[in-house]
Amino acid sequence: ADDARDGITHVVRAAEHASNALPQTLLLDALGAPRPRYAHCSLVVDSDGRKLSKRSASVATVAALRKDGCTPLGVCAYLAGLGGRAPQSIKSLDDLARSFELEGLSAAPSTFDRKQLDERDAAVAFTSKLGAAQLAVAVRARLSVNGSPAALDELAGAACAAFAEDKLNAIGVVSALNEALTPDRDGMVEAAAAHGTIARRLVADRAALGAVVDAASWRAYADEAMEQLGLSKRGAFLAPARRLLTGRKSGSDVGAQLGLASLACSLGVAEAV
């Protein structure tokens, strides 16, 4: 009766309320009132199949996702795909609104998967200007270096462009940037003692290494260095070179790290983040 009086035309609610549709429809028919259109969306559950709630879903709250550096657009894109259909390519919230259809809603329970949310968030940040801008804001807020606002904005944006695709969220990007700005000196010393020939090559190529700013330029330099050293297996050069330049055995692309470290120095913010 209230729905009819208020002119309600559509009712969208959780699947657990589907059983209420029949008696409500019969009541409206008896009153001679128009029927609204009913749609029931999936209940969001955890990995154990339990309904998410404010008490049990501490990792799925807006506050928790914001603290972890998830972007608003990425979270919305993920949620739109829970129990429904969402476009793969999303540039803005308008894209989600245009693609929404009641027929696309599923009443089957949907499991909240944080890994999938992070992957969706990274994809949105990597493919849309709005997502990239939101990620840069989240990264910028987590930087703890000294520098002008413009310099820190530029550094955050560059780090997002370098790491957004594989570091998933702001925390991952900041962690990768921290590694780029703070090489492991002890690891570098150990590597120099173990790989003297390659170490000397890198020292002689200081000028050439200054032009390495991303994966492509690092690959081009490595190919040329390997040829000069007479090395045929990439691992024989790349693994020691990574250790010599970063002090670490693994991590983000070496070219991206060198490029960001060089940019940070030029901006005067080459301290640990």
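Predicted model: local features only at pLDDT ≥ 70, side-chain atom pairs only at ≥ 80, totals over all residues.
Residues are numbered from 1 along each chain as its sequence is written, and side-chain values use heavy atoms, with hydrogens and water left out.

Okay, the whole chain. We've got 15 helices and four strands; those are DSSP runs numbered from the N terminus, helices being H or I with at least four residues and strands E with at least two. The radius of gyration, taken over C-alpha atoms, is 26 Å, well over the 19 Å that the globule rule (2.2 Å times the number of residues to the power 0.38) gives for 273 residues, so the chain is more spread out than a compact globule. The C-alpha trace spans about 90 × 40 × 35 Å along its principal axes. Of the 273 residues, 37% are buried, meaning under 20% relative accessible area with a 1.4 Å probe, protein chains only; exposed means over 50%.

Now have a look at helix H2, residues 21–30. Which residues are buried there? That would be Ala21, Thr25 and Leu28. They sit on the same side of H2, because they cover an arc of only 65° around the axis, going by the directions from the helix axis to the C-beta atoms. Covering them are, among others, helix H1 (2–6) and strands S1 (10–14) and S2 (37–41). After H2 comes Gly32, with a positive phi near 70°.

Methods: Contact = heavy atoms within 4.5 Å.
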